[in-house]
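Please take a moment to look over the sequence and the model before reading on.

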Amino acid sequence: MLKAIILIGGPQKGTRFRPLSFEVPKPLFPVAGVPMLQHHIEACAQVPDMKEIILIGFYQPNDELNRFIYSAQQEFKIPIRYLQEFAALGTGGGIYHFRDQILSGGPAAFFLMNADVCSEFPLLEMLQFHHQHGENHCGVLLGTTANRTQSLNYGCIVENHQTNEVLHFVEKPSTFVSDIINCGIYLFTPDIFAHIGKVFQRNQQEKIQEELTHGKQMPEVVRLEQDIFTALAGQKKLFVYKTQHFWSQIKSAGSAIYASRLYLKQYHQTHPERLATNQGGTPKITGDVYIHPTANIDPSAVLGPNVSIGKGVTIGGGVRVRESIILHGAVLQDHCCVLNSIVGWDSTVGKWARVEGTPSDPNPNDPYAKIDSETLFRDGGLTPSITILGCNVNIPSEVIIRNSIVLPHKDLNRSFKNQIIL
């Protein structure tokens, strides 16, 4: 018997995903036409003997989350529960806090994954790899190859090339350690809780000392990467399974467009019915495009590649959309052009207007390049990136919005470039 735990996090200050996360919890943001979290759940539901999927985070339970859980249970025919942390407890603290719930029913092992990654989720391969390495270890980490420079932005894994044992683990090192990086997807046996427990007890002692000495309240945070993996590396307790399939983080809105492209490409194998095709009386499709059945699109529009059109969207004649996500209820009026952008819920782009961003894709000439975690500001100005329109934004006719972030409920009256419009 197996279980899956997905860490969905919670509302964060200064997140790079705003203004989109104002309206919907980040894990429910649609990527390639379905909520980001649904890709994880679908992969877990395909693993034989999967008994339950548990979501752990510190979002307040809300209607949106409850509706998503209910519909996912109906679609995938598997129990799904949400367990709310009282505070952010870290990647290890959350699962340790709810260990009794995770271990109820006696699972032989459980998958643990972060919600903010996109992947082909090779869970069956990880399970097979886990069985091949005997019963004495307590975890398998999913790894992938990055280039030397970008590996410094991730947890780096040094492995024994013969046995795939994790010999050394460093979270975001300052100098090059290894080109194998941690993907944030794991398979653990229940033994992992004994190791987390030791760290938790030690932290408790330090917390009591700190509070007695300085009167400072310290949170009960346990981080798998820094506290657990670093200590267990080299003890024949952890192994790394390296995937050749696609993998990317979804930390910023720009990376959501890149993740959408990866999932749309995967739909050729997994969900060809979700991809739009060229037919009489339909818009011209180039490349991979997802169109929600309720969208109303003029046949003279040209869409793609990498376009996702949400529920109830209206697109007028002569519109061009490329490398963009159009969220539900948006209206793109005649002859407007949307490139490398996310158009928010119920927003309107006027006639002959142009909404354009700068793509933040990995280097296409480097097979191991990953998407860079872009900083919002560089050299005193806004870093050129995709353009984001929050919900209910009105762009007038015949203006250009380029490399800008527009917060919700704004009526613009002129063109903007490289600005955050509050």
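Leaving aside its neighbours within four places in sequence, which residues is Phe-111 in contact with? In this predicted model, the residues that Phe-111 contacts beyond those neighbours are Leu-2, Lys-3, Ala-4, Ile-5, Val-47, Met-50, Leu-123, Met-126, Leu-127, Tyr-186 and Leu-187. Phe-111 belongs to the largest nonpolar core, a set of 73 residues in which Phe-29, Phe-111 and Leu-123 touch the most other members. The element that gives the most to this core is helix 8, covering residues 253–270, which supplies 9 residues. Apart from this core lies another one, made of 32 residues, and among them are Leu-83, Phe-110, Cys-138 and Ile-157.

Is Ser-178 buried or exposed? With a relative accessible area of 8%, Ser-178 counts as buried, because buried means under 20%. When neighbours within four places in sequence are left aside, the residues in contact with Ser-178 are Ser-151, Cys-156, Ile-157 and Val-158.

How many salt bridges does a search of the whole structure find? The search finds 10, and in one of them the side chains of Arg-81 and Glu-52 meet, with a distance of 2.6 Å from N to O. This pair links distant parts of the chain, for Arg-81 lies in strand 5 (residues 80–84) and Glu-52 in strand 4 (residues 50–57), 29 residues apart. Arg-81 counts as partly exposed at 27% relative accessibility, whereas Glu-52 counts as buried at 12%.

Another salt bridge is formed by Arg-223 with Asp-227, whose closest N and O atoms are 3.5 Å apart. Within this pair, Arg-223 is partly exposed, at 37% relative accessibility, while Asp-227 is buried, at 16%.

A further salt bridge joins Glu-356 and Arg-402, the closest N and O atoms being 3.1 Å apart. Here too the pair links distant parts of the chain, with Glu-356 in strand 26 (residues 354–356) and Arg-402 in strand 31 (residues 400–402), 46 residues apart. Glu-356 counts as buried at 16% relative accessibility, and Arg-402 counts as partly exposed at 29%. Finally, salt bridges that share partners join Lys-3, Glu-52 and Arg-81 into one network, and Lys-3 is also among the residues in contact with Phe-111.

Note on methods:
Residues are numbered from 1 along each chain as its sequence is written. This is a predicted model: local features need pLDDT of at least 70, side-chain atom pairs count only at pLDDT 80 or more; totals for chains, interfaces and linings use all residues. Side-chain values use heavy atoms; hydrogens and water are left out. A nonpolar core is a set of buried Ala, Val, Leu, Ile, Met, Phe, Trp, Tyr and Cys residues joined through side-chain atoms within 4.5 Å. Buried means under 20% relative accessible area, exposed over 50%, partly exposed in between (1.4 Å probe, protein chains only). Helices (H or I, at least four residues) and strands (E, at least two) are DSSP runs, numbered from the N terminus. Contact means heavy atoms within 4.5 Å. A salt bridge is a side-chain nitrogen of Lys or Arg within 4 Å of a carboxyl oxygen of Asp or Glu.
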